[in-house]
Amino acid sequence: MRLFSFHLMPYPGLPPDYDGPAWITCPNEFFHPAVGMEIYNRYLDELILADELGFDGVCVNEHHQNAYGLMPSPNLMASILARETTSCRIAVVGNALPLYDPPTRVAEEYAMIDCISGGRLIAGMVVGGGPEYYSFSINPAEARSRFAEAHDLIIKAWTEPGPFEFIGKHYRIRYVNTWPRPLQRPHPEVWIPGAGSLETLEFVAKHRYAYMGIPYFHISVFERMFRLMRQACEHEGYEADPLQLGWLVPIFVAETDAEARERYEEHFWYFVKRLLPGISVSPPGYTSVRSLENIIKGGHTFAEFLDNWEQVVEGHYAIVGSPETVLEKLTENVERLGVGNLLGLFQLGTLPPEDTRRNLELFAAEVAPKLRKRFPGTERRAISGAVA
Amino acid sequence: MRAALDTLETGFFETAVGPVMLTRSQQLERAGADPVVYLHSSGGETGADSVAPFLGLLAESFDVYAPMFPGFAGSSGLEQIDDMEDAVYHCLDVFERLGLTGGRVPHVVGLSLGGWMAAEIAWRHPESLRSLTIVSAPGIYVPGHPMGELFGRRFDELAEETFADQSHPVAAMMHQMATVTLAGAGAEIPFELIRPFFESMAAAAKLAWNPYFHNPKLPRRLGRVTAPTFVIAGRLDGLVPFQTSEAYARLIAGAELEIWDDCSHMIPLEQPARLAAKVAEHASRTAAAAG
């Protein structure tokens with residue numbers, strides 16, 4: 001079992017009377033740079049703390065023009081973490097490849113982070129969220145084919161000697177000759193986040209990468225998603241390694257169950273009711289018809305539609321409670337889902353710094369050792385690309 | 001009008017990019033009946049649906065052909081079409097396969113996306129159409145009067161912006177669909193109900209996502225159009241401002257312009273008789289001028 005601390009770097013200060021989406025059209029006058037100065041540094045401290053507490057890795061991700069996550073460039077964050085952390089993996093989950101033109105930029109920046117960090121990068125690659133196709137005016141009908149082509153170009157840039165010419169449908173580069181090259185050979189471990197799109201599952205299975213299930217759905221949706229992922233691997237002729245599966249879930253630990261809910265619930269609702277609205281925009285052509293049909297099956301369980309805490313608990317939307325409760329629920333779900341990577345969101349919504357710190361410390365001290373003991377044998381092993 | 005509807009038939013038609021759906025008059029090449037091609041909007045209306053009354057009326061005096069564009073329900077080949085230029089050459093391929101060349105060059109009528117497509121055909125290959133009628137068409141960016149958002153909108157909002165009469169059956173259905181949300185009905189939404197809309201929007205996005213429903217070069221190309229042109233728009237159109245149609249009329253030499261005060265965007269659906277009469281009148285004037 002590998003344990004990761006994932007940070008979204010949310011904006012905690014949306015005005016109380018604003019009830020619009022947190023994406024695409026959320027007015028940027030709501031962003032106060034003074035708050036930004038404080039929270040960027042605080043959030044980085046929280047990721048650095050996770051390294052100090054012995055987490056296997058930290059995760060950052062990419063989103064644009066929104067209040068949900070303030071990392072239009074996760075690579076800036078990862079480059080800071082490459083210097084400020086010492087032993088944890090740095091998972092960028094991921095770069096939204098179609099937003100980079102040419103995508104050799106991703107090959108370059110990831111290689112820089114991998115060199116600076118001493119080969120600790122996990123190279124996430126993602127199609128990008130639906131809202132990003134509005135924010136960048138990139139044609140969503142080309143999202144999948146751009147992603148696939150950009151991926152091929154990046155892997156080729158890392159693994160084949162340059163210079164070479166690349167002629168694709170979307171990208172034509174006369175001289176591909178990426179300096180630097182990544183430290184990990186043949187290349188860093190690749191993670192692909194997804195929300196159940198069949199094309200993505202098949203892509204991950206084919207390349208033997210790891211699939212990170214995008215959260216905020218009822219646990220049954222994850223069960224189904226990972227079952228489909230295992231089937232896709234079988235279809236490719238092999239059995240899925242648990243390390244190819246990752247479950248991302250909000251986690252909050254306090255001394256007792258009652259205290260945990262008391263301290264956590266309002267921050268969870270800020271996240272769900274203020275920051276999620278708008279995230280699930282699906283522009284035309286972004287998802288294939290067969291995948292849309294698949295995704296819609298779980299759509300009504302999306303966290304944004306939750307009404308009360310009982311539903312949160314029942315659907316395992318967040319794992320909240322005493323160390324014993326959290327251990328029990330995580331164990332139950334890791335078994336149920338068969339995942340080898342647990343990606344915890346230890347800060348969510350407006351959760352303040354002291355609660356976040358205490359959460360991380362309690363988890364590391366009281367929960368992590370027992371989880372590792374219960375799910376041994378997969379520590380710090382990479383699934384694709386050997387560690388240098 | 002019912003009799004007119006019965007004169008249409010719909011089936012598959014083979015093209016260079018694959019089979020597409022085609023609605024056409026049952027009886028073709030009747031004496032005195034010119035061919036007319038109808039190019040549909042982003043809504044994908046052709047055949048035995050909302051636009052059938054309009055096509056049926058046209059069929060009284062024309063040989064009607066209404067092809068469904070690739071990617072729209074039932075038509076394949078979208079993967080071979082990247083942009084408006086590909087769209088134009090697909091349409092020309094359809095014209096040729098239908099024998100609509102030489103003495104049977106068609107009148108072309110297009111609604112919205114289809115009107116823009118018709119204009120793109122008309123400047124590239126002016127000889128390929130007998131007359132051009134563009135209705136509620138985008139395609140030109142008019143500063144100060146940008147087109148509204150089509151993609152990702154609620155059905156009820158779109159109905160408000162595109163229909164003058166909210167009790168029109170299609171507008172009423174769009175209001176009805178807006179009440180069915182993912183949160184409420186969830187898994188119970190029959191996927192087949194939303195599938196056509198989903199496919200239509202995906203196909204439209206391929207042509208019109210960026211630049212958003214316009215071709216920056218179109219204004220300096222429209223001077224090449226030689227087909228007699230009739231431009232029509234509704235003053236109440238909340239999606240494509242009528243000023244876009246004014247720009248078309250200004251840029252196409254000799255174009256006739258009408259802005260109908262009581263109309264919105266979906267004129268062929270809301271005013272089938274009035275529009276069909278206009279198209280016939282325009283066509284007969286064209287014939288008189290040519291003759």
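1. Which helix of chain B gives the most to the lining of the largest cavity? Helix α3 (residues 84–97) of chain B does, with three residues. A cavity is a set of points, on a 1 Å grid over the protein atoms alone, where a 1.4 Å probe fits but cannot get out; a pocket is an open set with protein on both sides within 12 Å along at least five of seven lines; lining residues have an atom within 4 Å of a point. Helices (H or I, at least four residues) and strands (E, at least two) are DSSP runs, numbered from the N terminus.

2. This is a predicted model: local features need pLDDT of at least 70, side-chain atom pairs count only at pLDDT 80 or more, and totals for chains, interfaces and linings use all residues. Residues are numbered from 1 along each chain as its sequence is written, chains are lettered from A and ligands numbered from 1 in the order in which they are written, and side-chain values use heavy atoms, with hydrogens and water left out.

3. Chain B contains 11 helices and eight strands. Its C-alpha trace spans about 60 × 45 × 35 Å along the principal axes. A compact globule of 291 residues would have a radius of gyration near 19 Å, and the 18 Å of chain B agrees with that. The radius is taken over C-alpha atoms, and the globule rule is 2.2 Å times the number of residues to the power 0.38.

4. The structure has two cavities of 30 Å³ or more. The volume of the largest cavity is about 80 Å³, where a volume is the space filled by probe spheres set on the grid points, which are joined across faces, edges and corners. Among the residues lining the largest cavity are Leu39(B), His40(B), Phe69(B), Cys91(B) and Met117(B). The lining has seven nonpolar, two polar and no charged residues. Here Ala, Val, Leu, Ile, Met, Phe, Trp, Tyr, Cys and Pro count as nonpolar, Asp, Glu, Lys and Arg as charged, and the others, Gly among them, as polar.

5. The second largest cavity holds about 30 Å³ of space. In chain A, β1 (2–6), α1 and α12 each supply at least two residues of its lining. Glu46(A), Thr356(A) and Leu360(A) are among the lining residues. By class, the lining has four nonpolar, four polar and one charged.

6. How do α1 (residues 33–52) and α12 (residues 353–374) of chain A pack, and at what angle? The angle is about 10 degrees, with the axes 10 Å apart. Axes are lines fitted to C-alpha atoms, for helices over the stretch in contact, and angles run from 0 to 180 degrees between N-to-C directions. The angle therefore makes α1(A) roughly parallel to α12(A), a label for angles under 35 degrees. On the α1(A) side, Arg42(A), Glu46(A), Leu49(A) and Ala50(A) meet Pro353(A), Thr356(A), Arg357(A) and Leu360(A) of α12(A); contact means heavy atoms within 4.5 Å.

7. Some backbone details deserve a check. The peptide bond joining Val93(A) and Gly94(A) is cis, with omega about -5 degrees, and Gly94(A) belongs to strand β3 (residues 89–96) of chain A. Another cis bond runs from Asn210(B) to Pro211(B), with omega near 0 degrees; Pro211(B) is in the loop between α8 and β7 (229–234) of chain B. Met9(A) is not a glycine, yet has a positive phi of about 55 degrees.

Terms used
Parallel < 35°, antiparallel > 145°, perpendicular 65-115°, else oblique.
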